[in-house]
Amino acid sequence: MTNNSELKKELLEQVYHENCPGCKVDRQKRMQKGLPIKELIFIWIVVLCVALPISSLFPFLYFMIKDFNIAEKEEDISYYAGFVGSAYMIGRAMTSVFWGVVADRYGRKPVILLGTSTVVIFNTLFGFSVNYWMAIATRFLLGFLNGLLGPIKAYACELFPEEHQALGLSAISTSWGIGLIIGPALGGYLAQPAEKFPALVSSDSLFGRFPYLLPCLCISIFALFVTIAAFWLPETLHFHKKDELESASYETEGKTNEGKDSSLGSLLKNWPLMSSIIVYCVFSLHDMAYSEIFSLWAVSPKSLGGLNYTTEDVGTVLSVTGVGLLVFQFTLYPIMERIFGPIVVARIAGVVSIPLLTSYPFIAMLTGFALSLTLNCASIIKNVLSVSIITGTFMLQNKAVDQHQRGAANGIAMTMQSICKAIGPACGGALLSWSQQRKNAAFLPGDQMIFFILNIIEAIGVILTFKPFLITHHY
């Protein structure tokens, strides 16, 4: 065994290329002792920057669509809102594989820089939207040019030594989960500032004329700082001249050279990878539909079965949820994952979600403090369960492929997931409109129907985590 490791060491030394950024990172990894805190914070912030704009519009989307005067009846607002929510994901679905391939060929860093600078530009433009089509176009372009989430997973696996990789991936999904919650909280608090803080913001000032610009601008300014900081990120991809012993660097990883073909065909035939991606997609569809439906349901009037919340109330619930999620992810999740393994945790979480969601229409019957308390608890538990599922399926995906295929594999995952996440808000908005119109139906009246549909998707996800569908090797 020692001979083997010495041989490995020699090989590694032998294929160290002076000007190759990937080799530099590898060498640093071998010398590093202790937790890579700096790298963790870097990755956390970059992912947060991209996650914030995704759902920051949900709390004010209802009112934005109302201002565009495109919906004829109040029940139709959710229907139109769904398409603005989906535009980002449709854009992302079209280019995810492309950005994955770019990251595998030209490096992770250019794709990361492009992703963060896209947020700066198009998220600001979205805040300036004057009509429905401008809102859709800016959201679409924001997703279209933003291929960062696939490569950043590969980047995390390359930046951290093996024993810290789970922590790196967990940091990505936590940051993602937090971004999807802080984003709407910002959107809820900062939208329509002229109505909320008339003493500070006059109705004919810039933020008075563009009531939804402030939350977008805050996220964009944060993204600008992240973009500048990202110039100092190390590149992890290996750049070697063709005639040099390039294969050796793969063999030292303990991989054979046959796997070097990172063609999409070989990835699509990799069933452990594809099955974990499909499970991931089903849960993503559910999550995205849920986060849009939750915000639209909370702000819709009591007469339609909603909670009649303001954007600020939604922001508060989501902020409380964000804090709960942070605490859970850094304390309980690693322990549960160690005891049960990621798949069992995902199954338990999926099963518990179902009765929880069934209770939502009944929560709407409460008022005052009882409503706030119950809703906050339900929201924390629901999001904790979702993040547990997503982190588990993340881990399986990355274990199913070798390093040089990770960018492309994550690209496939992102494409399929983006399609599902685009279907989520579009169908979620339309179904919410439809279920609010059937308040007096005999079977699952009003909002009970929409939560019933969410539960069916969740149940399908849980069933798919079992054999023969989900096969896990490399485990």
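This report describes the overall build of one protein chain and then turns to a single residue within it.

The model is a predicted one, and its secondary structure consists of 21 helices and 0 strands. The radius of gyration of the chain is 23 Å, close to the 23 Å that the globule rule gives for 475 residues, so the chain is as compact as a globular protein of that length. Along its principal axes, the C-alpha trace spans about 75 × 50 × 40 Å.

Some whole-chain values are gathered in the table.

| Property of the chain | Value |
|---|---|
| Buried residues, as a share of the 475 residues | 57% |
| Contacts between residues 24 or more positions apart, as a share of those with a separation of 6 or more | 80% |
| Carbon and sulfur atoms, as a share of the accessible surface | 68% |

Is T393 buried or exposed? With a relative accessible area of 2%, T393 is buried, because the cut-off for a buried residue is a value under 20%. When its neighbours within four places in sequence are left aside, T393 is in contact with S276, V279 and Y280.

Terms used: Residues are numbered from 1 along each chain as its sequence is written. This is a predicted model: local features need pLDDT of at least 70, side-chain atom pairs count only at pLDDT 80 or more; totals for chains, interfaces and linings use all residues. Side-chain values use heavy atoms; hydrogens and water are left out. Helices (H or I, at least four residues) and strands (E, at least two) are DSSP runs, numbered from the N terminus. The radius of gyration is taken over C-alpha atoms; the globule rule is 2.2 Å times the number of residues to the power 0.38. Buried means under 20% relative accessible area, exposed over 50%, partly exposed in between (1.4 Å probe, protein chains only). Contact means heavy atoms within 4.5 Å. Accessible areas come from the Shrake-Rupley method with a 1.4 Å probe; for residues, only the protein chains shown count as cover.
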